[in-house]
Amino acid sequence: MTVSPPAGLEGRHLLGIEPLSVEEILRILDLAEEYVALNRQAVKRTDTLAGITQINMFFEASTRTQASFEIAGKRLGADVMNMAMQASSIRKGETLIDTATTLNAMHPDILVVRHPHSGAVNLLAQKVNCAVINAGDGRHEHPTQALLDALTIRREKGRLTRLTVAICGDIAHSRVARSNILLLGKLGNRIRLVGPRTLLPRGFAELGAEVHENMEEGLADTDVVMMLRLQKERMDGAFIPSVREYYHRWGLDAAKLAHARPDAIVMHPGPMNRGVEIDGDLADDINRSVIREQVEMGVAVRMAVMDLLARRLRDERAAAADVPGRSG
Amino acid sequence: MNEHGMNGAAGEAHPREEGRPLLFRNARIIDPAAGREIRGDLLVREGRIAAIGQAIAPPEGAATIDCAGACLAPGIIDVGVKVGEPGERHKESYRTASAAAAAGGVTTIVTRPDTAQPIDTPETLEFVRRRAAEVAQIRIHPMAALTRRREGREMSEIGLLMDAGAVAFTDGDHVVEDTKVLARCLTYAAMMGAKVIGHVQDPGLSRGAAATAGKFAALKGLPAVPAMAERMGLMRDLALVELTGADWHADQVTTRSALAVLARAKEAGLAVTAGCSIHHLTLNEFDIGDYRTFFKLKPPLRAEEDRVAAVEAVASGLIDIIASMHTPQDEESKRLPFEEAASGAVGLETLLPAALRLVHGGQLDLPRLFRALSLRPAEIFGLEGGRMQRGAPADLVLFDPDRPFILDRFALHSKSKNTPFDGARMEGRVLGTWVGGRQIFPAGDG
């Protein structure tokens, strides 16, 4: 059975970059471009997801990602609901599987899930009957972040291949880093990981990235400098001695950025710690920093992902309806 | 990399001294690198050794010293010296430590950060360097704390401290108990190329101990730590060093069973080094006698078989460094019941005569002794001294190895007089000490 020309994604969920093909990645980015245009119009609303129920389940605090998914869903006409999971049933001892069972009974169509533990979103996806989007699981993956970063890079650089990209800072604890390493690697870019050894375990070299402990060396001739957020609890003596020592050696400022290519762009997934991993003025420099563009691309990429997953969902349901005995 | 020593007083402050050549004649020149001694002359120009040989003609305007057959060796580099600044200047200041070192033939000290206010920030280190540069005549290389306040919880600013001149990192006798914290500290230090000094001791077993478990502690009723605690501490640290690739040195390895572990690690190719205090090489637990607190050390004095094993380890090179572990304590800290008394002994001035006991006893020859006192400390800490060769800094000690004396603790230059050798018969007197070609002992010269 052939369906409408723009196909959905191969899988039912978006759990990570790892299972995506290059074609799927590019399909998401191409569709996202259309939504960038839509989002810049006065009237942004469509009915693409009309009748679709989207539930945002955040087991870990988030402001910008949750807002981005919520706006994306609303612009597509979905019924969007936020469940603040930290404050609810989890506190009362409900297991993740029980939560999934409860949700199934409510018949949602798209679940957007963030969870503090790696693999938790995959587990939930096995137990529910709808599409699941990973909005960040532990240190594992944050696929929509990598996709929005990719879209930003492609728009700024005009291509998404044969670029040298430095990902800097707390690699060890970063799901953003893992998803970006996977995505940029699939598209044939050269990836450098830069950070202190305590935040950059040696195993990362085996993922095919170059590992640098020295910022100046790591940034040399890069096209893209991607800074990562350093969590507060990792700053004071646990993984690095202090904020000032970190900033001195690994904080991005104009002097260190001078080692990158003159047209290198600066990215950050936010929220930023000014004066920790990045100089405040540099973050605001509209000639180098694309941090605000990243936020804009975030909404568009999430719209594209939900659109494609909904297409797949409709195809699935249509196919199921065609099978005798399964309908009704 | 470690050439930011504070030799201001020894060099730049007295430029006129450097211009004048200095010729030592008729000396027994001890060359630890070559492992031999030669009879001859040594010429110093511009603060460095310019020539070593027979019957060197004195250059124009040279000062000449007739050594009359006395020994001329590279100045001692004493690793692990505690100076009471900041916070306990009444116990030892940089001025008195420098004077004590000069009198003991010590030309370089590597200082400990376990001061009353620990040296754990670049600001404190700067203060210490400034104080030292103002008053000291010897070379001083400070170590800094590995963790903040030496509490074993958060790593100190290793990079900024290195920039400020820290030559190594140690929490002194505080063991970092949390292996995760220590692993991260060692990983970070390895990345920075920072040397870490460990104190090998199982923290649980050693808590509250005042003596080594065994016959003596049983007889005297003292809380004791089994010698095995040292081996346990060493094994743990060696595993973490292997894991992290850290540049690591054990401050003191003092027991037979730990030395066996150290030997296996070195044979297996692990690039670790170790020291031993002169007190553990020359005294044993029975020297404590009637609860004499000047003999209370950390780790505590060991059984005689452990002492013998440590001496053999120095002779074989298994133990790299002999240090004084100079720890000044005032009378009040020591005039207490043994269990309550502070640990540690002064040692800058007694290090050489005590070490010469091993030479007189036939366990070591002089080149081997100075390998442990001067050459290996220089090599391990990346310092220039310790070598009897052309171009090396003229940091020298002239001594008569056989001259006998009875040690009077009140004659020591240290502010604190807590030596276990008070009243002891010793052999070996320092006749003169030079740093960068300038004589700093006996005082009053120039």
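**Pockets, a surface patch and salt bridges**

The largest pocket has a volume of about 780 Å³. The model described here is a predicted one. Rolling a probe the size of a water molecule over the atoms shows where empty space is left. In the largest pocket, 36 residues form the lining, and A:Arg114, A:Arg175, A:Gln231, A:Gly270 and A:Pro271 lie nearest its centre. Four helices of chain A, namely α2 (64–75), α5 (143–157), α6 (175–186) and α11 (291–322), each supply at least two residues of this lining. The largest share, six residues, is that of α11(A). Sorted by class, the lining of the largest pocket has twelve nonpolar, 14 polar and ten charged residues.

The second largest pocket has a volume of about 430 Å³. Its lining consists of 32 residues, with B:Arg112, B:Asp173, B:Lys298, B:Met325 and B:Thr327 nearest the centre. In chain B, the elements β6 (76–81), β14 (272–277), α10 (278–282) and β15 (321–323) each give two or more residues to this lining. The most, three residues, come from β14(B). Here the classes are nine nonpolar, 16 polar and seven charged residues.

On the surface, B:Leu205, B:Met228 and B:Met232 make up a nonpolar patch, and together they have about 240 Å² of accessible area. B:Leu205 sits in helix α6 (residues 203–206) of chain B. Because its relative accessibility is 36%, B:Leu205 counts as partly exposed.

Salt bridges come next. Over all chains, the structure holds 50 of them. One joins A:Lys74 to A:Glu70, with the closest N and O atoms 2.9 Å apart. These two residues are four residues apart in helix α2 of chain A, so about one helical turn separates them. A:Lys74 is partly exposed, because its relative accessible area is 39%.

The side chains of B:Glu85 and B:Arg131 meet at 2.6 Å, N to O. B:Glu85 lies in the loop between β6 and α2 (94–103) of chain B and B:Arg131 in helix α3 (residues 122–135), so the pair ties together parts 46 residues apart in sequence. Both B:Glu85 and B:Arg131 are buried.

B:Arg409 forms a salt bridge with B:Glu331, their closest N and O atoms being 3.0 Å apart. This pair links distant parts of the chain, 78 residues apart: B:Arg409 is in the loop between β16 (396–406) and β17 (425–435) of chain B, and B:Glu331 is in helix α12 (residues 331–334) of chain B. B:Arg409 is buried, with a relative accessible area of 11%, whereas B:Glu331, at 25%, is partly exposed. Finally, salt bridges with shared partners join B:Arg148, B:Arg149, B:Glu151, B:Arg153 and B:Glu154 into one network.

Key
Residues numbered from 1 in each chain as written. Chains lettered and ligands numbered in written order. Predicted model: local features only at pLDDT ≥ 70, side-chain atom pairs only at ≥ 80, totals over all residues. Heavy atoms only, no water. 1 Å grid on protein atoms, 1.4 Å probe; cavity = no way out; pocket = protein on both sides within 12 Å on 5 of 7 lines; lining within 4 Å. Points joined across faces, edges and corners; volume = space filled by probe spheres on them. Nonpolar A, V, L, I, M, F, W, Y, C, P; charged D, E, K, R; others polar. Patch = residues over 30% accessible without salt bridge, like charges linked within 9 Å, V, L, I, M, F, W, Y side chains within 5 Å. Areas by Shrake-Rupley, 256 points an atom, 1.4 Å probe, with all protein chains shown as cover. Salt bridge = Lys/Arg side-chain N within 4 Å of Asp/Glu carboxyl O. Buried < 20%, exposed > 50% of the residue type's maximum accessible area, 1.4 Å probe, protein only.
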